[in-house]
Amino acid sequence: MPTLRIAYPGWICAFACACGSLLFSPPSIASSDYGLPSLGAASTSVSNEEYRLGRAWLRQFRAQAPQWQDPITNDYLQSLIARLAPHSDINGLRTITVMVDNASLNAFAVPGGVVGINSGLFAFAEDEGAFVSVLAHELGHLSQRHYARGSARAAQTQLPAMAAMLAGMLIAASGGGDAGMAAAMGSQAALIQDQLSYSRLFEQEADNIGLQAMADAGYDPEAMVRMFSAMQRMARLQGDTPPEFLLTHPVTDNRLSAAQARAAQLNVADAYTSDTLYDMMRARALLSIYTNTPQQAASRLAQEGAEQAAQDYLAALIDARNGQTDSALEQLDRLANEHPDFAMLPASSASVALEAGRYDQAIQRSQQLLRFMPNYLPAQLILAEAQLQRDPQAAYDLLRDITSQNLENPQVFNLLAEAAGRSGHDSWGHLARAEYLQLTGRVDRGIRQLSIARDAAERENDQQALARIEQRREDFIEYREALDDFN
């Protein structure tokens, strides 16, 4: 593969899109590798550096940004991206999704294939097509390598600037807003003086790729036009203080007209959408946003025309929060019978049982779902948490399997560490804790945890664990070097 020429045109869209990720297949990972890929195995030095910095950004993001931990919604988000990806020309790039606990409208993508959304995107987009249009646009930026395209500059100039840009984006994604944009702007001033015109071109390219991907994936591309119109109204209402997404993706009349003209030319293949399912996910987001006033979430969902099934779903979740577990489970079971294709409904009932301390019910409900969907992560996590209370060894065995398939998910390593500790697997428990720490940006603490894991493995005479610990120590040191670029 040719060496990527990294330059940084179009900083204006760089925060919300951080456009132009690395477009190469990352190094392969053995199924037993509980960590990120070896950064030294990339095909070119510049590609390797972009990937390395993007993954370092992800660790820093997890350490600083308020995250929305909702496996059911995250699985849905991943399913939408998986549906769009084959039509988005991202050439096999493996994406990682993150969700921010923030009510403002925003979405972003950074090098290394990290795609993120604020919970506020669900609140703003009133139907699945509108929500998907934002994801399709972000994937369009990735497919066109917008973060890597532009005038050629020396690598020693590009890479520090990239680190500084990502550091500014980190501040903004963590809630710093203007401070983050200012940091990004200041770091790029010398590089972007002659490149501002690129931003308009990049936005149009991302729109066109996104519109085509939507049509090919079965979504009406007119949904992007509707979303742009809504964003334009929002920008006019908020004047000088629009959300970051509109600062970095300004919706002009020309852009809106171009998207409308392009959408009118496209034929939708195998049209499909599920606003009922989307409305249920939107209910979860609104409940997260209005966590202290859940009836406000219910009122908004009703006022904005959500499907009745979604309103009933939200009512069940509110009942569960109020301790009315039997009523919640009864409503969720009825909805599951009416919508047997929505795995999130039985998963929600299992989660309600878990939160109510009904561990045997949670185990039974999640196991029943997993018989039909063996790799459905939300149900796996519910089962593991419930088993922690009943059979820690079973939880440990399950979580070892889960981590082998979810190498970059901090939550599963956190649970594995707990299950290992409760079931007497001390060395592997400390190793899992170390993985959790490095995945959440605390690499120095992770390295210290590896030393504790090594001492435990020596006491247990576990040669397999010792070999694994030494291998991961080398990887952790590489991760720490990548994080140093942000300091």
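Me: In which helix is H141 found?

Reply: H141 lies in helix α4, which covers residues 128–143. A helix here is a DSSP run (H or I, at least four residues), numbered from the N terminus. The model is a predicted one, in which local features need pLDDT of at least 70, side-chain atom pairs count only at pLDDT 80 or more, and totals for chains, interfaces and linings use all residues. Residues are numbered from 1 along each chain as its sequence is written, and side-chain values use heavy atoms, with hydrogens and water left out.

Me: Which annotated "active site" residue has its place in helix α4?

Reply: E138 is in helix α4. The unreviewed UniProt entry gives the feature "active site" at E138 and D207. These residues are spread over 70 residues of sequence, yet they cluster in space, with a largest C-alpha distance of 8.8 Å. The UniProt annotation "binding site", also from an unreviewed entry, covers H137, H141 and E203. Those residues span 67 residues of sequence but cluster in space as well, the largest C-alpha distance being 8.4 Å. Such annotations may be inferred rather than shown by experiment.

Me: Why are α4 and α8 called roughly perpendicular?

Reply: The axes of α4 and helix α8 (residues 222–238) cross at roughly 90° and come within 8 Å. An axis is a line fitted to C-alpha atoms, for helices over the stretch in contact, and the angle runs from 0 to 180 degrees between N-to-C directions. Roughly perpendicular means 65 to 115 degrees, whereas under 35 is roughly parallel, over 145 roughly antiparallel and the rest oblique. The pair α4 and α8 is therefore roughly perpendicular.

Me: Which residues make the contact between α4 and α8?

Reply: In α4, G129, A130, S133, V134 and H137 meet A223, M224, M227 and M231 of α8, where contact means heavy atoms within 4.5 Å. This contact has six nonpolar, three polar and no charged residues. The nonpolar class is Ala, Val, Leu, Ile, Met, Phe, Trp, Tyr, Cys and Pro; Asp, Glu, Lys and Arg are charged; the others, Gly among them, are polar.

Me: What makes α17 and α19 roughly parallel?

Reply: Helix α17 (residues 377–390) and helix α19 (residues 410–422) pack at about 25°, with axes 10 Å apart. They are therefore classed as roughly parallel. Their crossing is left-handed, a term for a near helix turned anticlockwise from the far one by less than a right angle; clockwise gives right-handed. Their contact has six nonpolar, two polar and three charged residues.

Me: Which hand does the crossing of α11 and α13 have?

Reply: The crossing of α11 and α13 is right-handed. Helix α11 (residues 275–289) and helix α13 (residues 308–321) pack at about 35°, with axes 8 Å apart. Among the residues in contact are M280 and L287 of α11 and Y313 and L317 of α13. The contact divides into nine nonpolar, one polar and three charged residues.

Methods
Helix = DSSP H or I, 4+ residues; strand = E, 2+ residues; numbered from the N terminus.
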